[in-house]
Amino acid sequence: IVSESPDRKWMLHLFQPANGPDWVEFPWPGIVLGLPAMEVFYWCTDQVITQRVLAAKSVAHAKGGCVLTAYAKLLIPPIMVLPGLCARVLYPEVRENSNLAFPTIVSNVLPHGLLGLMVAAMLAALMSSLASTYNSTSAIISYEFYKRLRPRSTDRSLVIVGRVSIVLLTIVGILWIPVISKSGDGLYLYIQSIISYVAPPIAVVYLGGILWKGATPRAATVTLFSGGLIGLIRFVVESVFKIMENPPENAFLSIIVYSNFLYFAFFSTCLSVLLLTICSLFTPAPSQAKIDAIFAHAAKTADLMSYAVVPKQVEDSSDADSLDDTASMGSDQGVDHLQLVERDNDGTKCFGNNAQKTILNTFASLQMGLSFSAFWHFR
């Protein structure tokens, strides 16, 4: 790669030039400033991800799964980047179309037995991803839109609406394939650019609602709609200009439309923070009692997922009836006679003492250190 184009030696570095040639897709200022909002959106608010976390047996299992996933993400360079570089060197057709890298190297390198196994694994992964996406989208459409419009709708009607929405989304996805092929970018880059258009306002509202009690619902609504509208305008104008043979060019369009998607994500994040702050200062905030009720409900729900209230003297008892009776005791009987023991759904202890929690936190700290070490190595 370097011999073909000496300036492409930067492709082997994690931090690519800020104002480099056209092949620079991830400039380092965009990685530092624009990528955090996209990651918060994907890992903390994406329905496809959060539904898996909410399906965990306990909060401890959810945390452990997230830490394990973080470790798995460190394998991206050896299992994705290096095979792609090898495919580019070995097969000339990959240089013209990077989307052919994986199928080309799989069909030419693997023997027939492993080839069938790899195809089956890819199809299974694709079906799993599509199933998660369709399930999340249909649930949102059915419950957040249709059920709000028709509160008395039956379960059967909700199922029908979900199925119809899946069929329509599938048709739209198939019809959108030519648009993606004409964009000129790789499929991965196209998906990342779409995320950068919608992620910043959602990430800002999510973090604002957690970290700042002064954020108001009206400010969140304004931020979501304004940020989403700006992202939609960028997406539509950019798509139209890519189809046009001679698109217009000027200083304003070079900043808003032609700029790197990571820079646009940073711009959208700053605008969303500004909107959320200003609108929150000039709109009535919810009462303190309502805020406390929301946070108390969230904390209570988390406790009920992972903990059982049991008396100290029957902690090791296997009598389920006595545990249920004790858990129903009122708070006026005194907290000295009760303790919280973290449990799975089957009643067994799970990360129930401080030592085990310390181990979990230590693993999280090690993951951060390992991430930094990998970053320093692949820089």
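Me: Buried means under 20% relative accessible area, exposed means over 50%, and partly exposed lies in between (1.4 Å probe, protein chains only). What percentage of the 379 residues in the protein chain do the buried residues make up?

Reply: Buried residues account for 26% of the 379 residues in the protein chain. This is a predicted model, in which local features need pLDDT of at least 70 and side-chain atom pairs count only at pLDDT 80 or more, while totals for chains, interfaces and linings use all residues. Residues are numbered from 1 along each chain as its sequence is written, and side-chain values use heavy atoms, with hydrogens and water left out.

Me: How many helices and strands does the secondary structure come to?

Reply: Helices (H or I, at least four residues) and strands (E, at least two) are DSSP runs, numbered from the N terminus. The protein chain has 17 helices and 2 strands.

Me: Among contacts between residues at least 6 apart in sequence, what percentage join residues at least 24 apart?

Reply: Contact means heavy atoms within 4.5 Å. Of the contacts between residues at least 6 apart in sequence, 66% join residues at least 24 apart. Two residues illustrate how individual contacts are read. Ser-196, in helix H11, is buried because its relative accessibility is 0%. Leaving aside residues up to four places away in sequence, Ser-196 touches Met-38, Phe-261, Phe-264 and Ala-265. Thr-269 belongs to helix H14 and is buried because its relative accessibility is 16%. With residues up to four places away in sequence again not counted, Thr-269 touches Ala-37, Pro-200 and Val-204.

Me: Which residues of helix H7 are buried, and what covers the buried residues of H7?

Reply: In helix H7 (residues 101–109), the residues Ala-101, Thr-104, Ile-105 and Val-106 are buried. Their cover includes helix H5 (76–90), helix H6 (92–96) and H8.

Me: How many aromatic pairs does the count come to?

Reply: Rings of Phe, Tyr and Trp (its six-membered ring) pair if their centres lie within 6.5 Å; planes under 30 degrees apart count as stacked, over 60 as edge-to-face and the rest as tilted. By this rule there are 6 aromatic pairs. Tyr-42 and Trp-43 form an edge-to-face pair, 5.0 Å centre to centre and with 90 degrees between the planes. Tyr-42 counts as partly exposed because its relative accessibility is 31%, and Trp-43 counts as partly exposed at 33%. Tyr-197 and Phe-264 also pair edge-to-face, at 5.6 Å centre to centre and 85 degrees between the planes. This pair links distant parts of the chain, with Tyr-197 in helix H11 and Phe-264 in helix H14, 67 residues apart. Tyr-197 is buried at 3% relative accessibility, and Phe-264 is buried with a relative accessible area of 2%.

Me: Which residues do ring pairs link into a cluster?

Reply: The cluster consists of Trp-176, Tyr-197, Phe-235, Phe-264 and Phe-267, linked by ring pairs.

Me: How many salt bridges does a search of the whole structure find?

Reply: A salt bridge is a side-chain nitrogen of Lys or Arg within 4 Å of a carboxyl oxygen of Asp or Glu. The search finds 2 salt bridges. In one, Glu-144 meets Arg-148, with the closest N and O atoms 3.4 Å apart. In the other, the side chains of Arg-234 and Glu-238 meet at 3.7 Å, N to O.

Me: Which residues form a nonpolar patch on the surface?

Reply: Patches are made of residues with over 30% relative accessible area and no salt bridge: like charges are joined within 9 Å, and nonpolar side chains (Val, Leu, Ile, Met, Phe, Trp, Tyr) within 5 Å. Accessible areas come from the Shrake-Rupley method with a 1.4 Å probe; for residues, only the protein chains shown count as cover. The nonpolar patch comprises Tyr-206, Leu-207, Ile-210, Leu-211, Trp-212, Leu-274, Ile-278, Leu-281 and Phe-282, with about 940 Å² of accessible area together. Helix H11 (187–211) and helix H14 (261–282) each supply at least two of its residues. Leu-207, in helix H11, is partly exposed because its relative accessibility is 36%. The protein chain exposes about 24800 Å², of which carbon and sulfur atoms supply 68%.
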